[in-house]
Amino acid sequence: MKHKISPFLLASCLLTAGLSANALADEVPVDINATQKMLNKAGENTDNWLHFNGSYDSTRFAKSNQINTKNVSQLTPAFVFQTEVLESMETAPIVINGVMYLTTSFNHVYAIDAKTGEQFWHYNYENGPITRYCCGPNNRGVAIYEDKLFMGTLDSSLVAINAKTGKQEWKADIADPDLGYSETMAPTVADGKVIIGTNGGEYGIRGFVRAYDADTGEQLWNFHTIPENSVGVWAETDATGRSLHRDIKAEKKALEKQGDPYKTLGGGVWMTPAIDTETDTVIFTVGNPSPDLDGSLRPGDNLYTNSLVAIDLNTGKLKWYYQYLPHDVWDLDAASPPVLIDAKDKNGNVVPAVIHAGKTGHVYVNDRRTGELIRFSEAMVPQENMFALPTKEGTRMLPGANGGVEWSPMAYNPNTQLTYAVNLHQPMTYTVNSTPYPGGSLWLGGAFESIPGEEQWGNVTAVDVNTGKIEWKTKTEQPMIGGVLATAGGLVFTGEGNGYFKAYDAKTGKVLWKFNCGAGVNAPPVSYTIDGKQYIAVAAGGNVQLDYKRGNSVFVFALP
Amino acid sequence: MKTGTRTVCFTFGLLLSAAGLAQDGNGFSTEIKQKAQQCMTCHGENGHSKNGQYPSLAGQKTTYLYTQLQNFMQGRRKDPVMTPQAQTIKDKEQAIKLAEYFSHFEPFDYSVKEDGGFQLDPDKVEKGRKIAKKNQCASCHGSGLTGSGSMPRISGQQPAYLEEELKAFRDGTRHASVMNSVIGDMTNKEIEALVHYITSL
């Protein structure tokens with residue numbers, strides 16, 4: 001393990017304050033080294049939480065069963081950690097060797113004692129003057145590899161931070177924030193490659209996924225999520241076979257006149273990719289085309305927007321893609337991260353599969369070897385008037401533009417073979433208003449409006465991946481955003497905008513426990529174990545997009 | 001033990017702020033401060049406007065201010081008074097610096113009490129609140145409509161200016177596809193209600 005102490009810090013301590021080396025005690029007191037082996041086996045290890053989604057498979061399944069359906073009613077806070085930043089929190093903390101790393105809006109990182117909440121260090125990245133982001137100054141977390149943490153920033157940089165000292169080791173500029181590029185996702189690291197996508201689908205960017213050298217920050221490869229030929233096959237229907245009401249003739253004419261729109265076609269990647277370590281494949285979902293609601297400026301299927309994409313970990317070259325919703329004009333994109341599981345194919349044979357919860361309200365099951373669609377689930381939320389085109393006056397269609405399912409990661413329990421998703425029901429009208437590319441400013445090509453008097457709500461939904469049937473569905477008073485954790489204790493954890501963090505019975509959907517955190521719980525929960533005690537941690541910072549009450553805390557729960 | 005590095009940071013902080021004081025409170029160049037004086041003749045001392053014709057700039061989000069300056073400089077946003085002003089800005093770098101400068105002041109906060117001209121009407125406030133909810137203003141303009149990144153702070157802005165801009169979005173004389181759609185074909189009454197609501201925050 002590399003063990004670096006910044007000579008500069010040491011010198012400045014000695015010179016400026018006349019202190020001895022014990023000034024370095026603001027460090028994490030244990031050695032931190034997340035080896036490739038540990039990262040590969042993260043799903044098996046119940047002590048640590050090493051990936052944003054728990055493992056490279058992204059199942060968000062904790063094998064611990066200490067907290068279970070029988071005793072969860074006794075769950076109580078072990079500690080609450082408060083940050084200095086009162087703004088939405090979407091962080092999934094990383095936990096290793098009893099140390100927790102969490103992030104906040106505006107790119108702060110904290111290292112704390114995961115047992116007591118005592119702070120070790122606080123790193124505050126200073127964003128440049130220009131930042132353009134979609135849905136609040138969010139950050140979803142760090143990735144860990146060996147002795148370093150990696151974070152994407154609002155001004156579209158990638159920084160490496162020493163996990164022990166909290167000092168920045170390198171910084172790589174990813175793209176120009178003035179053109180609408182920004183970072184909110186937690187990166188992922190494999191074989192020394194830090195893998196990160198980009199946000200900016202609301203600003204007319206050209207999306208990508210990239211690999212950077214974990215040691216140096218040097219760019220290793222780039223995959224454009226928008227190919228130079230983005231036209232595709234002029235698909236008339238979506239993955240479920242419903243008509244998209246495209247005017248293909250008019251689109252072809254527009255293509256002739258305007259050319260391929262790939263340079264400003266969007267295709268951001270919202271969430272952390274999954275990695276199939278057996279085949280060295282990076283699998284991720286690509287978001288909406290730009291401008292969101294105006295298809296007239298972007299003829300064609302708009303590849304690879306609203307798609308599931310698999311690329312080679314070593315080269316960044318395309319392996320396959322599957323487009324769920326060609327030529328989207330509703331922002332019903334693919335945001336929630338893909339999850340790698342085993343599932344039955346159409347013939348009942350168990351195959352390597354990948355599932356994704358769409359904003360459309362379906363869970364899609366695809367073959368991981370080819371990308372081919374195996375099945376899609378029943379709709380988890382009401383669908384009405386699908387896919388009616390946006391108009392100048394506004395068209396009512398369900399689901400609303402937040403979905404379905406937003407960026408919220410699902411959790412998959414291999415014991416129940418159910419996948420758990422959180423839903424939104426928000427009736428909206430879709431309005432189109434065509435304007436040319438505004439040079440980096442917000443570019444939606446219209447607006448979404450909620451409909452007064454129409455009730456909004458949420459669900460926690462369990463879907464059988466082998467049949468696509470909904471096993472259970474439990475309603476919540478507000479639309480849901482944040483993400484899910486499933487555990488071997490037969491539990492499903494997820495939070496709500498009203499401050500409630502709840503535990504559900506994985507088999508029935510019954511609420512077995514709840515606790516009010518005083519601010520919106522709109523972040524993915526995690527599980528870890530220290531000295532034989534299982535802890536569940538979740539951030540309560542509210543949400544910008546749905547305007548849920550802001551907070552600044554991470555709550556950590558355990559049995560008494 | 002822990003105080004060690006904190007002392008370092010604290011000492012560092014003192015050094016920095018001492019250096020800053022020598023430069024009149026902050027790290028901006030004399031050139032930018034002089035240039036900003038020109039702006040303050042309309043936009044008010046430190047960007048706190050006292051006149052409904054002119055928007056306040058103080059504490060407004062840097063990215064938003066910079067974007068608007070670029071819009072004026074490149075003709076995407078037009079105004080007979082402001083356009084010639086923007087044309088005196090040298091380049092992109094100066095625009096960013098001016099934006100940072102006005103952004104660093106305490107945010108503007110229009111006070112109904114100080115300005116006898118504007119009277120809040122509770123019915124209009126309520127009506128405006130409903131419209132704001134329907135149109136999800138806070139999902140972009142942030143909690144309390146205080147802005148974030150490229151989304152402007154609008155709470156505490158001059159009410160007359162707000163009304164003029166909302167109408168300009170409606171009438172298509174100010175282009176921003178999102179706001180043009182959001183405001184759509186709202187009536188003058190609805191826009192007035194929104195202004196009352198925003199001013200009540």
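Predicted model: local features only at pLDDT ≥ 70, side-chain atom pairs only at ≥ 80, totals over all residues.
**View 1. The largest cavity and its lining.** A cavity here is a set of points on a 1 Å grid over the protein atoms alone where a 1.4 Å probe fits but cannot get out; points are joined across faces, edges and corners, and the volume is the space filled by probe spheres set on them. Four cavities of 30 Å³ or more turn up by this rule. Lining residues have an atom within 4 Å of a point, and the largest cavity has 18 of them, with His51(A), Phe52(A), Pro187(A), Thr188(A) and Thr272(A) nearest its centre. Strands β7 (143-145) and β11 (188-190) of chain A are the elements that give two or more residues to this lining; strands are DSSP runs of E with at least two residues, and helices are runs of H or I with at least four, numbered from the N terminus. Twelve lining residues are nonpolar, six are polar and none is charged.

**View 2. Helices α6 and α10 of chain B crossing.** The axes of α6 (residues 122-134) and α10 (residues 188-200) come within 7 Å and cross at roughly 95°. The two helices are therefore roughly perpendicular to each other, a label for angles of 65 to 115 degrees.

**View 3. A salt bridge between Lys92(B) and Asp178(A).** These side chains meet at 3.2 Å, N to O; the cut-off is a Lys or Arg side-chain nitrogen within 4 Å of an Asp or Glu carboxyl oxygen. Lys92(B) lies in helix α5 (residues 92-103) of chain B and Asp178(A) in the loop between β10 (168-173) and β11 of chain A, so the pair joins two chains. Over all chains, the structure holds 30 salt bridges.

**View 4. Backbone at Phe106(A) and Pro291(A).** Phe106(A) is not a glycine, yet has a positive phi of about 65°. The peptide bond from Ser290(A) to Pro291(A) is cis, with omega near -10°.

Key. Residues numbered from 1 in each chain as written. Chains lettered and ligands numbered in written order. Heavy atoms only, no water. Axes fitted to C-alpha atoms, helices over the stretch in contact; angles between N-to-C directions. Parallel < 35°, antiparallel > 145°, perpendicular 65-115°, else oblique. 1 Å grid on protein atoms, 1.4 Å probe; cavity = no way out; pocket = protein on both sides within 12 Å on 5 of 7 lines; lining within 4 Å. Nonpolar A, V, L, I, M, F, W, Y, C, P; charged D, E, K, R; others polar.
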